[in-house]
Amino acid sequence: PALGRDDPALGDHDPAPDDREPAQGDEDLALGRYDAALSNDDPALGGHDPALGDDDPSLGRDDPALGGHDPALGGHAPAAPSPLTGTWYTLARFGDLQLGVGYYIDSLTIAMFLMVGFVATCIHVYSFGYMHEELHDFHDGEVRGSDGAPLVRPGRFHRFFQFMSLFCFSMLGLAVSGNLFMVFAFWELVGVCSYFLIGFYVERRSACTAANKAFIVNRVGDFGMVSGLMILLGTLGTLDFGDVPGPRGEVRPGMFSLVRSEAADHALTVPEGMRRFAGRSARSAETAGEPAAAAETPSLRAATVVPSEPSEEQGGPRRGVPLGYTLGYMWLTLAGLGVFCGCVGKSAQFPLHVWLPDAMEGPTPVSALIHAATMVAAGVYLVGRCYPLFTPEVLYVVAVIGTVTLLMAAAIALTATDIKRVLAYSTVSQLGYMMLALGVGGWVAGLFHLLTHAFFKSLLFLCSGSVIHACGTNEMPRMGGLGRKMPWTAGTMLVGCLAISGVGIPLSFGLSGFHSKDAIIAQALLFQRTNPMYGWVFYAAVLGAAVTAFYMFRLWFMTFTGRPRDERVFAHAHESPPSMLVPLVVLAIMAIAAGWPVPGTALSIPNILEQGRPAGTGEEAFAGAAWAALTVPPEHESHQAAVHVAASWAAFAAAALGIALAVVFYGTRNLDPGRVVAALRPVYVFLKNGCYFDELYDRLWVRPTLFLAGCAAWVDRRVIDRLADGSAAAVRGLAVWDDVFDRLFVDRAVNGLAEATYRLGLSLRRVQTGRIRLYIVWLAAGTAALFVLASLYWGFLTT
């Protein structure tokens, strides 16, 4: 027992039969894992539960727009299809560990493919007109040559579309990835493509700085993501999402099956691999003399995964699944936080949001693609994809980060005057909205807003590009009255502003943003009622909706209404060509209707997403183990009339208030915004400068890094280089002395010997006369001399 083998927290046996706690896979009715009320009649399994009010239209469950079923089509929605999983190619295999290129296809994958493909196609068509100047030599007025004239360079039309196509390919590959290893590969490829496209105008210093900033800031988030992947791989032994065939033909369970196994009724559990890892850590701690049991036993704070207080409509309490705060649970939480760190960087969440507003340095189609369908969408998508792995503590962190990002970015957008910068901060704010929704349990709501946001945000960016293309400036104070010269652009951008503001008739009709924001606010309200101490999340969501409507209509009024503020800009303005207008109209239609069900059917984006909902995440509330007071409510309960009606009216009131204030300040001009700015000058300056995040990071990280780099350069020049140069000088001096020694002694000795040998040879030449008779005489004399010497030597030996 000291080694934790019989610790129930590790899922092992206890010799005492009375104290035995069932293991994770036991079919123990005492834990409610096989409650008859939730077997074949569980809506999550495609069944029917009258106790949950499925057939009561007043609860909103039969509203196709809310993801419910349509009774007119014959009753209940069919069971959600199982995802298609598999491996295309195995890259490496280390024992039981397998890394490969695989796929995980469910309704979320299909929705992402359709959204990315559709939006990217519109942006590519738009780019044919917007980037036509790159077909020939391009005159860049923002860069001056050595002679002071604008820079003239060859066009890069082909290079632009190469990068754009690679960008889309990377996002599609990320969406279809079957494991986190493959996700990370495409994750980095998305980052590289953004670096290329943000820095497309490479001659501009601002573009190069923005590209570097985006790349470096994302590496900060990726460090956390790699840490999370290492934890998952080390404790679970796999990075696959779903179950895949193993090397010997067996079925290898994926991460989702391990964390939310069918044996546990898909309730969140600590997987066996993490329990074993926790046991090894505990034994190591005990070996080091630490109280391992205190780290591993659930006695720190035993928690139970329970629903919120049951009401009569809910039919009484539902099952609870014990989940102790073990070391394994801590590893699961840390893994989720690590993966979320990567999403914070990629989706520009606080505090790593600073790169996205500067990403507008790239061409406007690039901004539209980054902000709508590819890079920033990747982070939200990954949170949705890894949702079954996240503990309630992780989800609460997601909600807090999303809420802070939502309000901070919306406040900064109020003071921005660059039309693309307003939209950039709007993107940051809306991404915070999505994270907030996912954090409070709104899986469908958050991803629904991701999809609708892609349509109206790409529309807004392309409309801003049309304005910039016509006016030659990004500054809204220089615009005004452009609606008369650009009616199509003004009309389509108005649709985008209405959609992002969530305009609609409560409980009835609305643009796409109305339905997705309505779902988010409803889930936030349910979260507030379930967790009263965290109720500020709901009020932040409503406030964010009001501020969004205000700054978006501020943008529209400053750009298209009133009198022209700059006659040169107004005179230069003109409507864009058809190649740019057609995508605007198409996207405007989608911005209006993307939230509607297909007429005559129950097919809608929420219904499609509902089919891909991770098992065990929509029907049951589950509480945290570290924070027992924190409960993530089931999303299906947000469709009830008591929640949905109040949330709809709150969303409507927020949008109406924001638009009304924008009309008063910038439409009819009954109130002067300048007086508000003067009265709140310190706040205005603070927000105008982006809350000084760039300056803060410059002092906290950039300057210290540059200082350390300067110190390293000083050491390199003054110490290392001097040592290297001194060593080189010493070696050179030694070589000089070696050369002197070689010349004076070695060479003279060798040359003297050669000269002596040569002289000896010259002296012997005199004997060589060339006469044969003389040679014979010398041979005879030599022979005689040898004979005499031999005779004398022999005589000496014999005597």
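Which residues is Leu609 in contact with, leaving aside its neighbours within four places in sequence? Leu609 is in contact with Ser107, Leu108, Ala111, Trp443, Val444, Leu447, Phe448 and Leu451, where contact means heavy atoms within 4.5 Å. This is a predicted model, in which local features need pLDDT of at least 70 and side-chain atom pairs count only at pLDDT 80 or more, while totals for chains, interfaces and linings use all residues. Residues are numbered from 1 along each chain as its sequence is written, and side-chain values use heavy atoms, with hydrogens and water left out.

**Overall composition**
- The protein has 25 helices and 10 strands; helices (H or I, at least four residues) and strands (E, at least two) are DSSP runs numbered from the N terminus.
- Of the 799 residues in the protein, 51% are buried; buried means under 20% relative accessible area, exposed over 50%, and partly exposed in between (1.4 Å probe, protein chains only).
- Among contacts with a separation of 6 or more, 74% join residues 24 or more positions apart.

**Nonpolar cores**
- The largest nonpolar core has 167 residues, and Leu180, Leu232, Trp355 and Leu609 have the most contacts inside it; a nonpolar core is a set of buried Ala, Val, Leu, Ile, Met, Phe, Trp, Tyr and Cys residues joined through side-chain atoms within 4.5 Å.
- Helix H14 (residues 443-471) gives this core its largest share, 18 residues.
- Another core, of 29 residues, lies apart from it and includes Leu406, Ala445, Phe527 and Ala650.

**Helix H8**
- Helix H8 (residues 327-346) has 20 residues and should span 28 Å at 1.5 Å a residue, which agrees with the 29 Å between its end C-alpha atoms; the expected span is 1.5 Å times one less than the number of residues.
- Because 15 of its 20 residues are buried, H8 is largely enclosed by the rest of the structure.
- Ala348, which follows H8, has a positive phi, near 55°.

**A buried glutamine**
- Gln430 is found in helix H13 (residues 419-439) and is buried, with a relative accessible area of 0%.
- Not counting residues up to four places away in sequence, Gln430 touches His449, His453, Lys457, Ile500, Lys517, Thr548 and Tyr551.

**Surface**
- The protein exposes about 35,800 Å², of which carbon and sulfur atoms supply 65%; accessible areas come from the Shrake-Rupley method with a 1.4 Å probe, and for residues only the protein chains shown count as cover.
- Leu744 is found in helix H24 (residues 693-764) and is partly exposed, with a relative accessible area of 40%.
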